[in-house]
Amino acid sequence: MADKLLLIDGSSLIHRAFFALPPLTNHKGMHTGAVYGFLRMFHRLLTELQPRWVLVAFDKSRKTFRTQLFADYKGQRKETPPELKEQFPMLMDVLDSLQVASLELDDYEADDIIGSMARHGGAPETYIVTGDRDQLQLIDEKTRVMYTKRGITDIKLYDEAAFAEDYAGLKPVQLIDLKGLMGDASDNIPGVKGVGEKTALKLLVEYDSVENVLDHIPDIKGKALQTKLTEHRDEALLSKKLATIVTDVPMDYNLDRYATQHIGAAARNKMAELEFRGFYEKFAAVLGEKKAEEG
């Protein structure tokens, strides 16, 4: 294993797996397709990265400190299909059988758990796997994001250079300013009405931050744009706050808590229960198998 920390957005990846793969059930009628897809991706990540530490983070509820700030945050999203909803606890059970740490926290999103661990875990290298572009703001010299563009197999690796290439030379942390100005329809973040990505990028290249843009409204070309920024000043500042990932959530930052371990009977039995043939052997090959004295 290499000295790498792997942080997985479990909520994002299980959603991707559910919609990317055909439905799957075991003989008891349990829906297992999303868990199966997640595990396929997870095994690939373990094999390719060989991380020493792993944490899978989940959203516990739609109600967080962000919905307290803005009641309509993510308010447009449809309810999770029951066939997917029942697979969240199933996936956590599988991860537990693999002795892989998973975590969900009241009032916070998976993003915040991941952001906090990335900042305070102290690993020499950190890899974040997600289908949520918000987490690109966490990229730094030690942290990369593996963004799942489509499904669970089309992945783009983002470091600081790749981010700058896609975002007009901006730094990853400026993603929150970009969202502050242009909003984010996927999260129902309002931004400044009438300001799109092209205009927002142009403003940030010149003024660096939402606050500095708002401080220089009289200097910005175009009366219409000045009016939009003036009228939607509060929405811009709120949107930036909503888009900012919290990096100090109350959790255990000790890397030893997230070390990968050898697997044994619990994992074998869980894979057999879900009828994931061959999965135990695949995970045992990469994680290692318990010897008799290990229990």
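Begin by selecting Arg 66 and Asp 112: Arg 66 is buried, and so is Asp 112, where buried means under 20% relative accessible area, exposed over 50% and partly exposed in between (1.4 Å probe, protein chains only). This is a predicted model, in which local features need pLDDT of at least 70, side-chain atom pairs count only at pLDDT 80 or more, and totals for chains, interfaces and linings use all residues. Residues are numbered from 1 along each chain as its sequence is written, and side-chain values use heavy atoms, with hydrogens and water left out.

**A buried charged network**

Display the side chains of Arg 66 and Asp 112, which meet in a salt bridge at 2.8 Å, N to O; the term denotes a side-chain nitrogen of Lys or Arg within 4 Å of a carboxyl oxygen of Asp or Glu. Arg 66 lies in helix H3 (residues 65-69) and Asp 112 in helix H6 (residues 110-120), so the pair ties together parts that are 46 residues apart in sequence. Helices (H or I, at least four residues) and strands (E, at least two) are DSSP runs, numbered from the N terminus.

Lys 74 is in the loop between H3 and helix H4 (82-85), while Glu 109 is in the loop between strand S3 (101-103) and H6, 35 residues apart. Both Lys 74 and Glu 109 are buried. Salt bridges that share partners join Arg 66, Lys 74, Glu 109 and Asp 112 into one network.

**The cavity**

A cavity is a set of points on a 1 Å grid over the protein atoms alone where a 1.4 Å probe fits but cannot get out, and lining residues have an atom within 4 Å of a point. What is the volume of the largest cavity? The volume is about 60 Å³, and a search of the whole structure finds one cavity of 30 Å³ or more. The lining divides into five nonpolar, no polar and five charged residues.

**Strand S4 and its partners**

Select strand S4 (residues 125-130). Five of its six residues are buried, so S4 is largely enclosed by the rest of the structure. Strand S1 (residues 2-9) pairs with S4 in the parallel sense over five bridges; pairing requires that DSSP find at least two bridges between two strands. Here Leu 7 stands opposite Ile 128 in S4. S4 also pairs in the parallel sense with strand S5 (residues 143-150), over five bridges, and Val 129 stands opposite Met 146 in S5.

**From S1 to S2**

Now select Asp 3 and Arg 52, whose side chains meet in a salt bridge (2.5 Å, N to O). This pair links Arg 52 in strand S2 (residues 51-57) with Asp 3 in strand S1, 49 residues apart. Arg 52 counts as partly exposed at 32% relative accessibility, and Asp 3 likewise at 38%.

**Helix H5**

Finally, select helix H5 (residues 87-97), which is mostly covered, with eight of its eleven residues buried. Among the buried residues are Phe 88, Met 90, Leu 91 and Val 94. Just after H5, Gln 99 takes a positive phi of about 60°.

Notes
1 Å grid on protein atoms, 1.4 Å probe; cavity = no way out; pocket = protein on both sides within 12 Å on 5 of 7 lines; lining within 4 Å. Points joined across faces, edges and corners; volume = space filled by probe spheres on them. Nonpolar A, V, L, I, M, F, W, Y, C, P; charged D, E, K, R; others polar.
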